[in-house]
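Here is a friendly walk through one protein chain, written to be read with the model open beside you.

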Amino acid sequence: AVEATRGWSRATEEAQRVRALNAFFTDMLSSADPENALGEELTVRELLDTAARVDTRGLEEVPAVESTVRLAIANTYRSLGVLDDAIEQGRTALDAAIRAHGPDDPLTADAMQSLAFAHIERGDHDEAERLLNETIGILTKTLGPDRLETVAARGELARVFHETGRPEEALELWTRCLEKSQAIIENNKDAVREADLKTVLT
C-alpha cells in the first residue's frame with residue numbers, strides 16, 4: 001500500500017510538471033503573438049527574459065513545478081550562450097528541486113548536472129567539478145553505479161579533467177566510462193530486443 005501511494009504521488013507530480021511545462025511554453029509563444037507584442041517581433045532571448053521575470057509566488061508553492069520551469073529556462077539560456085542567466089536560473093531550479101525531492105533524488109541530480117554544464121561552458125571548472133562529483137554521488141546512491149545516467153555524469157567529469165589540463169585522468173575515466181557503457185548495453189540486449197518486438201507486434 002505504501003509503495004502504491006508513493007507511485008501515485010510520483011505520477012501526480014509528474015503530471016503537474018508536464019502541465020507546467022506546457023503552460024510555460026504556451027505562454028511564451030502567445031507573448032510572441034503580434035497582438036500581444038504590440039506589433040514587434042520578439043527574439044527567443046527577449047521571450048526568455050520575460051519568462052524569467054514572471055511572478056513565481058504561485059510556482060514556489062509547488063517546488064517540483066518551479067524546478068521544471070526554471071530548468072527549462074536555464075537550459076534554453078545555455079543553448080543561446082547566455083551563461084550568467086543560465087546559471088542564475090539553474091541555481092533557482094536546483095534549490096526548488098531540493099525542496100521538492102530532497103537532496104538525494106535523481107531529479108535533483110538532473111538539475112545539479114544541468115547547472116554544472118553551464119559552469120563548464122562559462123569556464124568555472126572548479127564549481128563544475130564540485131557539482132558533478134555531487135551529482136555522481138546522488139546517482140550512485142539512488143540509481144546505482146551501473147546505470148547509464150551515472151556513467152554519463154562520470155563522462156562529463158572526465159570532460160572537466162580534459163579542459164583543466166589533466167589528460168591522463170580524463171583518458172582513464174573516459175576509458176572506464178566506455179567499458180561500463182558497453183557492459184550495460186550488452187547486459188540489456190535481451191530487454192531491448194523484447195521491447196522492440198512488443199513495439200512491432202502492437
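His-101 sits in helix H5 (residues 83–101); helices here are DSSP runs of H or I with at least four residues, strands are runs of E with at least two, and both are numbered from the N terminus. This residue, His-101, is buried, with a relative accessible area of 17%. Buried means under 20% relative accessible area, exposed means over 50%, and partly exposed lies in between (1.4 Å probe, protein chains only). Along the chain His-101 and Pro-63 are 38 residues apart, yet their C-alpha atoms are separated by 8.7 Å.

A word on what you are looking at: this is a predicted model, in which local features need pLDDT of at least 70, side-chain atom pairs count only at pLDDT 80 or more, and totals for chains, interfaces and linings use all residues. Residues are numbered from 1 along each chain as its sequence is written, and side-chain values use heavy atoms, with hydrogens and water left out.

**The whole chain**

The protein chain has 10 helices and 0 strands, and its pattern along the sequence reads α-α-α-α-α-α-α-α-α-α. Of its 202 residues, 37% are buried. Contact means heavy atoms within 4.5 Å. Among contacts between residues at least 6 apart in sequence, 56% join residues at least 24 apart. The accessible surface is about 12,200 Å², and 54% of that belongs to carbon and sulfur atoms; such areas come from the Shrake-Rupley method with a 1.4 Å probe, and for residues only the protein chains shown count as cover.

**Around helix H6**

Which residues does Thr-108 contact, leaving aside its neighbours within four places in sequence? They are Leu-94, Ala-97, Ile-98, His-101, Gly-102 and Pro-103, so His-101 turns up again here. Thr-108 belongs to helix H6 and is buried, with a relative accessible area of 0%.H6 (106–122) also packs with helix H4 (residues 63–80), at an angle of about 20° and with the axes 11 Å apart. Axes are lines fitted to C-alpha atoms, for helices over the stretch in contact, and angles run from 0 to 180 degrees between N-to-C directions. H4 and H6 are therefore roughly parallel to each other; angles under 35 degrees count as roughly parallel, over 145 as roughly antiparallel, 65 to 115 as roughly perpendicular and the rest as oblique. H4 passes H6 in a left-handed crossing, meaning that the near helix is turned anticlockwise from the far one by less than a right angle (clockwise would be right-handed). On the H4 side, Leu-71, Asn-75 and Arg-78 take part, and they meet H6 residues including Asp-110, Ser-114 and Phe-117.

| Helix | Residues in helix | First to last C-alpha | Expected span |
|---|---|---|---|
| H7 | 18 residues | 25 Å | 26 Å |
| H8 | 16 residues | 23 Å | 22 Å |

The buried residues of H7 include His-125, Ala-128, Leu-132 and Ile-136, and their cover includes H6 and H8. From Gly-137 to Asp-104 the C-alpha distance is 8.7 Å, although the two are 33 residues apart in sequence. Just after H7, Gly-144 takes a positive phi of about 110°.

In H8, the buried residues include Thr-150, Ala-153, Leu-157 and Val-160. Residues three or four places apart in an α-helix point the same way, because there are 3.6 residues a turn. The buried residues of H8 pack against H6, H7 and helix H9 (167–187). Just after H8, Gly-165 has a positive phi of about 75°.

**How H8 meets its neighbours**

How do the axes of H7 and H8 lie, and at what angle do they cross? They come within 9 Å and cross at roughly 160°. H7 and H8 are therefore roughly antiparallel to each other, and their crossing is left-handed. The contact involves, among others, Ala-128, Leu-132, Thr-135 and Leu-139 of H7 and Thr-150, Ala-153, Leu-157 and Phe-161 of H8.

H8 and H9 pack at an angle of about 160°, with their axes 8 Å apart. That makes H8 roughly antiparallel to H9, and H8 passes H9 in a left-handed crossing. Among the residues making this contact are Val-151, Arg-154, Ala-158 and His-162 of H8, together with Ala-170, Leu-173, Trp-174 and Cys-177 of H9. Leu-157 and Phe-161 of H8 are also part of the contact with H9, and both take part in the contact with H7.

Technical notes. The expected span of a helix is 1.5 Å times one less than its number of residues.
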